[in-house]
Amino acid sequence: MNNIITLTTDFGLSDAYVASVKGVILNINPQAVIVDICNTVKPQNIGEAAFILGTAHKYFPEGTIHLAVVDPGVGTKRRAVVLKTPAGSFVAPDNGLLSYIFDDFKARPLAAGTVKTNHNLAAFSITNSKFWRKPVSSTFHGRDIFGPVAAYLSLGTPAGEFGRPLKTLKVLPSARPKPTSGGHLIGSVIHIDNFGNLVANIKKSDLPHGKTISISIAGKQIRGLSYTYAEAEDLLALIGSTGYVEVSLKNGSAAGFLGVGTGDKVNISQT
Amino acid sequence: MNNIITLTTDFGLSDAYVASVKGVILNINPQAVIVDICNTVKPQNIGEAAFILGTAHKYFPEGTIHLAVVDPGVGTKRRAVVLKTPAGSFVAPDNGLLSYIFDDFKARPLAAGTVKTNHNLAAFSITNSKFWRKPVSSTFHGRDIFGPVAAYLSLGTPAGEFGRPLKTLKVLPSARPKPTSGGHLIGSVIHIDNFGNLVANIKKSDLPHGKTISISIAGKQIRGLSYTYAEAEDLLALIGSTGYVEVSLKNGSAAGFLGVGTGDKVNISQT
Amino acid sequence: MNNIITLTTDFGLSDAYVASVKGVILNINPQAVIVDICNTVKPQNIGEAAFILGTAHKYFPEGTIHLAVVDPGVGTKRRAVVLKTPAGSFVAPDNGLLSYIFDDFKARPLAAGTVKTNHNLAAFSITNSKFWRKPVSSTFHGRDIFGPVAAYLSLGTPAGEFGRPLKTLKVLPSARPKPTSGGHLIGSVIHIDNFGNLVANIKKSDLPHGKTISISIAGKQIRGLSYTYAEAEDLLALIGSTGYVEVSLKNGSAAGFLGVGTGDKVNISQT
């Protein structure tokens, strides 16, 4: 049993939505400690939420329950899932939101945008309406289904009570960098952070060992990796705190300076 | 006794204001569980705060204390109030912020923008300075008066200790939709949410039973109500999670698409 | 021992950063009560964070631990500090973030932008890596160093365990108002709040006693101090809730109306 429940949503900060979910949770488990991961995900941006949740959940105590709701298909037949992992439990629509978790636990990709669960990824469909708030709004399952399920989970309800086991789950199209025949690595920007740092989909382990690399982005060339934001003259690249290659501007926004957005290309070559 | 205290304010997220109130509360009741409903209400927008609080409070446990401070008259002779209801307690300036609560408990309207309290709405003026933080700033009663009162209330201080009973309270001008002689219903937009959904002041119970309706807004016509955001082609209307008619755009912002703002007209007819 | 830990950072609300720090803290002290002071400080704006922390901390219970991270020098040789005061404990980079705390406890200024600690200001360098999260990212000490140190401090670890005592600390250039030979007082705007109120670096105690003053800003003249925001016609000045002179516009933004920003001049004369 764990009383910590985190929230990752696109509900924003200017409505009653986030608070309604918290109220529902506290009704069921008054001892719940609710921690916001991020409620300002851009509306319907599943990829952004997946990245933020995939980063943040690692720092929470084992057994933490992570509630994630970015749900453009709310009220349709899309499935909802409780996922138990050695790191924590996740409650979310089955729409790719948990893609980074699948990756952490090496879920095997199947055809058609799905992965197979394994002994580290026990998934259950959320179908048992016994645990839902009634009447269920067709547009706000965060409040009426996901919130209550997370709360009951925090009280110790076994995940199997919420519905039957699931063998496959939806995953976002993989955004791994691609090697070229010329020995380059072609990746892309997956996240722009609050400081304008550009996070690329290139992990430290993707880089050639013991070689000096050159990072090319938006027509600019950056030679070698820095260790801190402060050490370079202006534009720099480093392995960021999340373990991915980051392009930064000293005391400024690399995104603004380069005019680069999510999805734009990052090219790595050896020099 | 209940340790949950919620906050609804126009203090914003970039100042020391919200945290100062929380610090004051924790000084008085270290066990308080403080939950933000919304602190990004547009400055001095009592109507917006009233709607958000009116929606969110319903999902919190019985006995929750709701602290609401949007207070353009701070430091003047406007009254301050503790309101006890079967749903929870409210601490706020007496300026209409609690209008939706009055409506929930059928407070009888009087002349001149006031309502009469009743057996479900026990109101007390906040006048007993014994419970205030000293010195009281003339511009920040949230920190020096409302916060402490909410904290003492959470410790079990009877509401009658804060001041004398009040028989009337200020209410915002009712924004109920108006029927026309031609059988139409003329309402207006009362809230635009984070997704650009347009919430109208028209409840499910205001609509003609068993008839197909047509919603007209900003020169566009929407025929019938959808059940989910995902099912229509583009523009749609449905009964939103708060029980009001909502106009939405599939995967987009209806407010942006239609160029519609709060107060704009929504016309309902039978087809 | 005190379980309250506050956060003041420039991490923003749209990344995993704030939540990662909270997760790390909850891993070490599951009983910690974490309260956000402000996480929307403008990137790298040490002065703004110092002002907000300097205001907010006073309202928290004695012994509260204040974690502040605005850290353009992260990963370089800048020092990190645990500061114990009668009001609370502070964990931060040694870059001026705690300047207002030094002022509260009358730290003696030395040459070159530093102050001397005293019996109310016991400072310790953060150098003992035993308390850090490993591996330490060179770009995110908030998560890997400051967060863990704050958490261990909340568990009762003596401040001296984190590193050796420090005799001097960095302070921001003082922004006290300057008297002119003509009897004026020349100050400047140090903060613009959520309502557009302009906070000047002029305290009540800086003003001439028992005299009517005239405030001049952006070519406008304001005669005398008001008591509340509501009482004046349009532009007004008053002693704000933080104890500083504030210039406000009734039901509007003085900053927007006057086109004034941080650093702009405020002139006080007697009339």
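Student: How many residues of chain A are in contact with how many residues of chain C?

Tutor: In this predicted model, 27 residues of chain A are in contact with 27 residues of chain C, where contact means heavy atoms within 4.5 Å. A word on ground rules: residues are numbered from 1 along each chain as its sequence is written, and chains are lettered from A in the order in which they are written. Local features need pLDDT of at least 70, side-chain atom pairs count only at pLDDT 80 or more, totals for chains, interfaces and linings use all residues, and side-chain values use heavy atoms, leaving out hydrogens and water.

Student: How do you know whether the copies meet through the same or different surfaces?

Tutor: Only 4% of the interface residues of chain A are also interface residues in chain C, so the copies meet through different surfaces.

Student: What is the area buried between chain A and chain C, and which residues of chain A lose the most?

Tutor: About 2300 Å² is buried between chain A and chain C, with carbon and sulfur atoms giving 58%. On the chain A side, Tyr59(A), Phe195(A) and Ser241(A) lose the most area to chain C, together 29% of what that side buries. Buried area here is the accessible area (1.4 Å probe) that two parts lose on being put together, summed over both.

Student: Why are α1(C) and α4(C) called oblique to each other?

Tutor: The axes of helix α1 (residues 17-28) and helix α4 (residues 141-154) of chain C come within 9 Å and cross at roughly 40°. Angles under 35 degrees count as roughly parallel, over 145 as roughly antiparallel, 65 to 115 as roughly perpendicular and the rest as oblique. Therefore α1(C) and α4(C) are oblique to each other.

Student: What handedness does the crossing of α1(C) and α4(C) have?

Tutor: That crossing of α1(C) and α4(C) is right-handed, a label for a near helix turned clockwise from the far one by less than a right angle. Residues of α1(C) in this contact include Val21(C) and Ile25(C), and those of α4(C) include Pro148(C) and Ala151(C).

Key:
Axes fitted to C-alpha atoms, helices over the stretch in contact; angles between N-to-C directions. Helix = DSSP H or I, 4+ residues; strand = E, 2+ residues; numbered from the N terminus.
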